[in-house]
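Thank you all for making the time this morning. I would like to walk through the inside of one model, and then turn to some of its charged pairs.

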Amino acid sequence: MSALSLLRRPAFGRSVLLALTLAAAALPIATHTAASASAKVAMTARPDFQLPFPCGQQWRLDTWAHSPALDMVKEPNQVGTEGAPFVAAAAGRVVQSFFHSNAGNMIQIDHGGGWFTTGIHLQSRAVGVGAVVSKGQVIGAVGRTGPTSNNHPHLHFEQAFDSNGDGVASWGAAGTERVSQVFNGATYGTANGQTYRNVNSCGGTQPPPPPARYYVDTFAAAPGYSTPGGTRTGTLNAGTNYVFCKVWGPIVQVGSAYNHWWLRTDLDSGSPWQNQYVSAYYLTRWGNDEAKDNNGVVIRDC
């Protein structure tokens, strides 16, 4: 077997547990070795790498048995892994972009100062050798190409430092120049058998998505309209109801109480009754021009 060959992983049947399927991805996947054995180079400051996915996403990272390399699948249940955008973890220049017989589609970026990143098993590549890329730029899509992917969608990702100073970074197996990985200041891949859950692609705590429904109390039956203040279509009964979002519209005022916000909701009666609008004036707990749910959370704009 040549020095550029990959060791093929054993295939697993569909009935095997997912954990075993992923564990199979732990076997060595490449032996793309350094071209020379030059004197060791002092490590320079590492670029500020982000997880190689668009901001606002969460991913699971596993070392399996090939630390410091990481296999990445999308949280919470891997749905959306295949075809997910693969982005540059930092600015740099593409130095490898080709289909490897065992690793599948792969891209390597030179980030300067001896630092490189490599992603393999890609579904597709959007950049070629020589392309200058910016941090966060989409450069491909996550896939399962190459026999060592075990036909399981994931991104195999490595950070490497050109420790022998030959201008390239070897990748894919023990003894290459890959190193423990740092994303957004946190270190990963220091040992085999590690799993990291819900890692944010751009660091920090990502805000949770707004709820699909907000629960509110109304003090009286509220007339429903096709648009804020438009055609009357039905009624939302008094009590606890759900609403989807709010829009600014014509004022509803009784005495000193008023509200410009209108809440999109499903009515209890009328035709049509779905996705109609009632005035936030009817909310029990809040004052003028407020539109919050029963927990005090401001209802999102439509």
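Predicted model: local features only at pLDDT ≥ 70, side-chain atom pairs only at ≥ 80, totals over all residues.

**The cavity and its lining**

Let me begin with the largest cavity, which is lined by F86, V87, A88, A89, I107, Q108, I109, T117, T118, G119, I139 and F157; a cavity here is a set of points, on a 1 Å grid over the protein atoms alone, where a 1.4 Å probe fits but cannot get out, and lining residues have an atom within 4 Å of a point. The elements that give two or more residues to this lining are β3 (85-87), β5 (104-112) and β6 (115-122), where strands are DSSP runs of E with at least two residues, numbered from the N terminus. Residues are numbered from 1 along each chain as its sequence is written, and side-chain values use heavy atoms, with hydrogens and water left out.

How much space lies in the largest cavity? The value is about 40 Å³, a volume being the space filled by probe spheres set on the grid points, which are joined across faces, edges and corners. The count comes to one cavity of 30 Å³ or more. By class, the lining has eight nonpolar, four polar and no charged residues; Ala, Val, Leu, Ile, Met, Phe, Trp, Tyr, Cys and Pro count as nonpolar, Asp, Glu, Lys and Arg as charged, and the others, Gly among them, as polar.

**The cores**

The largest nonpolar core has 29 residues, and those with the most contacts inside it are L61 and M72; such a core is a set of buried Ala, Val, Leu, Ile, Met, Phe, Trp, Tyr and Cys residues joined through side-chain atoms within 4.5 Å. Two or more residues of this core come from each of β1 (58-62), β2 (70-74), β5, β6, β10 (155-161) and β14, and β10 gives the most, with three residues. If we leave aside neighbours within four places in sequence, M72 is in contact (heavy atoms within 4.5 Å) with a list of residues including L51, W59, L61, F157 and F183. There is also a second, separate core of 19 residues, which includes V243, W261, A280 and L283.

**A buried serine**

S201 lies in the loop between β14 (195-200) and β15 (214-218). Is this serine buried or exposed? S201 is buried, because its relative accessible area is 0%, and buried means under 20%, exposed over 50% and partly exposed in between, with a 1.4 Å probe and protein chains only. Beyond four places in sequence, S201 touches several residues, among them Q50, C55 and N184.

**Salt bridges**

The whole structure holds eight salt bridges, each a side-chain nitrogen of Lys or Arg within 4 Å of a carboxyl oxygen of Asp or Glu. In one of them, E82 pairs with R144, the closest N and O atoms being 2.8 Å apart; E82 sits in the loop between β2 and β3 and R144 in the loop between β9 (138-141) and β10, 62 residues apart. E82 is partly exposed at 36%, and R144 is partly exposed at 33%.

E158 and R178 form another, at 2.9 Å between the closest N and O atoms. E158 lies in strand β10 and R178 in strand β11 (residues 178-179), so the pair ties together parts that are 20 residues apart in sequence. Both E158 and R178 are buried.

Definitions and conventions. 1 Å grid on protein atoms, 1.4 Å probe; cavity = no way out; pocket = protein on both sides within 12 Å on 5 of 7 lines; lining within 4 Å. Helix = DSSP H or I, 4+ residues; strand = E, 2+ residues; numbered from the N terminus.
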